[in-house]
Amino acid sequence: MPIQTPAFKLICPSCGWSKLFPPMGDVRLPGQVLDKCPSCGGEPLNRVKLNIAEKMLVSIKAKL
Ligand SMILES: [Zn+2]
């Protein structure tokens, strides 16, 4: 049974860029998770848990 990584969100503290990541299986492709901001190149990015609204958003997206 694959282990799922819980959904999370990356936020750039420098420019405010953010991206939601849906729950993922245990197979992770390189480049799927960013360690630098694609907008300003800042690092490290803050990794935060999703609030309820954001969790609903990623679960809706996952079904599309
Ligand atoms: Zn940034």
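Helix α1 is hardly covered in this predicted model. Among its 12 residues, the count of buried residues is 0. The helix spans residues 52-63. From its first C-alpha to its last, α1 reaches 17 Å. That is close to the 16 Å expected at 1.5 Å a residue. Across the chain, burial is also counted: 5% of the 64 residues are buried.

The chain holds 1 helix and 3 strands. From the N terminus on, these elements run β-β-β-α. Contacts were also sorted by sequence separation. Among contacts between residues at least 6 apart in sequence, 51% join residues at least 24 apart.

The strands form an open sheet with the order β2-β1-β3. Pairing in this sheet of 3 strands is antiparallel. Strands β2 (18-21) and β3 (46-49) stand at the edges, each with a single partner strand, so one side of each is left without a neighbour in the sheet. From one strand to the next, the twist averages 25°.

Strand β1 covers residues 8-11. It is joined to β3 by 4 bridges, and the two run antiparallel. I11 stands opposite N46 in β3. K9 stands opposite V48 in β3. The pairing of β1 with β2 is likewise antiparallel, with 4 bridges. Here L10 stands opposite K19 in β2.

Strands β1 and β2 make a hairpin with 6 residues between the strands. Within this hairpin, G16 takes a positive phi near 90°. P13 is found in the loop between β1 and β2. P13 counts as exposed because it has 12 C-beta neighbours inside 10 Å, and the cut-off for exposed is 12 or fewer. P13 also lies 6.8 Å from L45, C-alpha to C-alpha. In sequence, P13 and L45 are 32 residues apart.

Confidence was examined for the chain and by element. The mean pLDDT of the chain is 84. Of its residues, 84% reach 70 or more. Confidence is highest in β3, at a mean of 94. It is lowest in α1, at a mean of 85. Where pLDDT is low, predicted coordinates should not be read in detail.

Taken together, the elements give the following picture. Strand β1 is joined to β3 by 4 bridges and to β2 by 4 bridges.

Notes: Residues numbered from 1 in each chain as written. Predicted model: local features only at pLDDT ≥ 70, side-chain atom pairs only at ≥ 80, totals over all residues. Pairing = 2+ DSSP bridges. Axes fitted to C-alpha atoms, helices over the stretch in contact; angles between N-to-C directions. Expected span 1.5 Å × (residues − 1). Buried ≥ 20, exposed ≤ 12 C-beta atoms within 10 Å, placed from the backbone. Contact = placed C-beta atoms within 7 Å. pLDDT = per-residue confidence, 0-100.
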